[in-house]
Amino acid sequence: MKKILLTLLMVAMASSSFAVVEGSKHDMRILDSDAEVRICAYCHTPHHANVTGGYKPLWSHDLSIQTFVPYESDTFNGDDLGAIDPMAGPSLLCMSCHDGAIAPDAYYGDPGGNIGVEADVWNGYGVGQFGDMTNDHPIGFDYTYSYANDTGMSTDTAVFAELRDPAATLASQTSDVYAITKIEDVLLNEKIMTCASCHDVHNRDPLGYNAADGYFLYGQQQDSQVCTMCHVK
Amino acid sequence: MRTECFADRLCYVVLMVLLISLTGCAGQRTASKGPYTFWPGSDLPRIQFLTEVNSNFDVIEQQRGFQLISFEAPEKIEFEPIIKPTGVTVHKGKLYVCDAGRTAVFVIDFVNKTFEKFTGAIGRGSFNKPLNLAFSDDDYMYVADVNRQEVLVFDPLGGFVRSFGRDELFKPTDVAVYEDKVYVTDAKDHHVKIYDRLTYKLIDQIGRGSDMSPERLYIPLHMAMDDKGELYVTNTGTGRIIKMDRDGHLLMAFGGMGNVVSLFGRPRGIHVDDQGLIYVVDASHQNIQIFNQEGRLLMFFGGSNEMRLPASVAVSTENLEFFQQYAAPNFELERVVYVSNHFGDKRLAVYGLGQRRGVDYEAEYRLIREEREAEIAREKAEAEQAQEDGAAAGQ
């Protein structure tokens, strides 16, 4: 858990030289605002302890004051992530809003209008729209395992590797901030691929994009740099 | 003697195998024999998991395998998975599931074992992304379609009547009907918009006071209506549940953003049952919390191993006899609770609210309450004593 926090902190610090979540599509105040004009509370459920005076559920007598762990759950800090869970880590948190009602679950196009939402296909819309990620980029798998075992045309990883070394930096980036970030820094527990492996959700305009077309990505679209951060192509 | 017995058994087994292969296997799963999952615990259980539905094959009777006397080819049944069920509604014993992933509404009749795709949504009545639906007293169906930015109306026979709200609705997420009015939550414009059922004209919009109170609608996502016509809205932006009358007057509010019991992370679906219990789905806590009419938490159930991005809940007193077969032997069902999940292996989960036979729950709860009050009093006295001691030591 500490490791993840450290990683997140590192990523957060690495990103801090940019204008961050404020004013981005993830700044929920673009919709409206609560009285305290908060930004973070919508995703990072506050750890309120409102339960003064021994508040307990009437029907659940044997439970002491219980804390729900919205995303620091077994999916987020799981050290036993051997089994592949497509929603491992923060991905679950993303999808709790990107459900098609609160936030769009249809991408690659204008999510607000009448788009072909049935088309979760190549050049279509709707990542994860049919509830499965089979035709989207996979998440929830072990990157380090794939790196070690997917040798492509040769058995010699060093020569014909399909994926880049997790310890390598996101070197395709010209930005000095992401240039010091390693691939493993954006993996859950330094190995599991999640939504947050490509998307820096706290960053309004990474790499100098404007908020409209940045997609919160770590890498640039130009020359598919975001892909070649990991894929050796 | 022993071998005879064995031979008998063998005979029986062979006969059974023959019987099964001759008649074909019914696809319908049999009632579970346990182990049973209870909430809040197995000593005073109130909720039991009953069964799940992920496709039509979990509902319908289907003939599989070889049939001895059959001159017709077995009917081929298309596989109809439930993918992203955003809304569940019970109407006259049938379960209506809005599936945004399949862009369809499925109508499930558990008792008669049918699972049908709603056929009225064709032509101008086609869905684009149906999120929730509601019925009027005279069986007209109203579907909130967030991508069409409209509410679609279907007559009791399933024929498309018309759509409305194109000019005023930005993100219609849920709908409710009471007498001659239709109520629509707009998650982008933060209002409940009220339409006349006959003229389809917007007549009012409510829920938006001028102050910045947490009771002001802010991303109202789901809505429930009790039999008095009072509205319960999950205000996702402030994490509160807001109860108001049909004119928008605040009647009650509870909850808030937080990670402890009675608070919410991502409140979604909501339902009020006939005895006034309020069920609130939380996509972040992966559970459902049940409140009484005072907004007091009674219990919660679910959890990250049970629910996967739950979206919607519907509660019914219908079909109790049918679902009793899934219940534990001593557990008597009072309500059926349907829950939809966006991910996981239970896209549609069915739970039973009930009680264990022969247990006086009220007496047990009274005991627990008394114990708890005594505990609180004792803690208070101890704290006072400590304070006095501290003051004495200070002097």
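# Exercises on chain B

In chain B, 5 strands make up an open sheet with antiparallel pairing, in the order E2-E3-E27-E26-E25. The model is predicted.

**Exercise 1.** Find which strands stand at the edges of this sheet, and say why one side of each is left without a neighbour.

Solution. 
- Step 1. Read the two ends of the order E2-E3-E27-E26-E25.
- Step 2. The edge strands are E2 (38-39) and E25 (310-316) of chain B; each has a single partner strand, so one side of each has no neighbour in the sheet.
- Step 3. As background, strands of a sheet pair through backbone hydrogen bonds, either parallel or antiparallel.

**Exercise 2.** State how many bridges join strand E26 to strand E27 of chain B, and name the bridge partner of B:Leu333 in E27(B).

Solution. 
- Step 1. Locate E26 at residues 331-341 and E27 at residues 348-356 of chain B.
- Step 2. These two strands run antiparallel and are joined by 9 bridges.
- Step 3. B:Leu333 has B:Gly354 as its bridge partner in E27(B).

**Exercise 3.** Classify the aromatic pair of B:Phe49 and B:Tyr351, and decide whether its residues are buried or exposed.

Solution. 
- Step 1. Over all chains the count is 27 aromatic pairs.
- Step 2. For B:Phe49 and B:Tyr351, the ring centres are 5.5 Å apart and the planes are at 65 degrees.
- Step 3. An angle over 60 degrees counts as edge-to-face, and this pair is edge-to-face.
- Step 4. B:Phe49 lies in strand E3 (residues 47-53) and B:Tyr351 in strand E27 of chain B, 302 residues apart, and the pair links these distant parts of the chain.
- Step 5. Both B:Phe49 and B:Tyr351 are buried.
- Step 6. The ring of B:Phe49 also has the charged end of B:Lys346 over it, 4.1 Å from the ring centre.

**Exercise 4.** Describe chain B as a whole by its secondary structure and its buried share.

Solution. 
- Step 1. Chain B has 3 helices and 27 strands.
- Step 2. Of its 395 residues, 57% are buried.

Technical notes
Residues numbered from 1 in each chain as written. Chains lettered and ligands numbered in written order. Predicted model: local features only at pLDDT ≥ 70, side-chain atom pairs only at ≥ 80, totals over all residues. Heavy atoms only, no water. Helix = DSSP H or I, 4+ residues; strand = E, 2+ residues; numbered from the N terminus. Buried < 20%, exposed > 50% of the residue type's maximum accessible area, 1.4 Å probe, protein only. Pairing = 2+ DSSP bridges. Phe/Tyr/Trp six-rings, centres within 6.5 Å; stacked < 30°, edge-to-face > 60°. Lys NZ or Arg CZ within 6 Å of the ring centre and 35° of its normal.
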